[in-house]
Amino acid sequence: MKTKDFASQYNIDKNELESFLGASEYKAKVKYGFTGTSIDDSVDMGAVLTSFNIFKSKKSVEDARIAQKKAVENARVAQE
């Protein structure tokens, strides 16, 4: 399945999906070509979606932690 079709079907960002796939356990099942990126048909797309959602959740938590750390640092600098 083409990643653009998968992303469209599940309303997710294609670039984020491709980034995830390149760093995931599905990396060996991804093919890159002139017509786009595709996921091998033998892959359970439900499992990909679940793994992607877990990845997104962890990324959101990490992004929030970094933002909070920056806010604390900025507040400390503003007090100096």
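Predicted model: local features only at pLDDT ≥ 70, side-chain atom pairs only at ≥ 80, totals over all residues.
Reader: Nice. How many aromatic pairs does a search of the whole structure find?

Author: Five aromatic pairs turn up. One of them joins phenylalanine 6 and tyrosine 10, a tilted pair with 4.9 Å centre to centre and 55 degrees between the planes. Phenylalanine 20 and phenylalanine 52 form an edge-to-face pair, at 5.7 Å and 75 degrees.

Reader: And which parts does that pair of phenylalanine 20 and phenylalanine 52 tie together?

Author: Phenylalanine 20 is in helix α2 and phenylalanine 52 in helix α3, so the pair links parts 32 residues apart in sequence. Both of these phenylalanines are buried.

Reader: Back to phenylalanine 6: buried or exposed?

Author: Buried, because its relative accessible area is 0%.

Reader: What about the largest nonpolar core, how many residues has it?

Author: It has 14 residues, and Phe6, Phe20 and Tyr26 are among those with the most contacts inside it. Helices α1, α2 and α3 each supply at least two residues, and the largest share, four residues, comes from α3.

Reader: Changing topic, where is serine 24?

Author: Serine 24 sits in the loop between α2 and β1, and it is buried at 11% relative accessible area. A polar atom of the serine 24 side chain lies 3.0 Å from the backbone nitrogen of tyrosine 26.

Terms used: Residues numbered from 1 in each chain as written. Heavy atoms only, no water. Core = buried A, V, L, I, M, F, W, Y, C linked by side-chain atoms within 4.5 Å. Buried < 20%, exposed > 50% of the residue type's maximum accessible area, 1.4 Å probe, protein only. Polar contact = N/O pair within 3.5 Å; in protein donor to acceptor, adjacent residues only side chain to side chain. Phe/Tyr/Trp six-rings, centres within 6.5 Å; stacked < 30°, edge-to-face > 60°.
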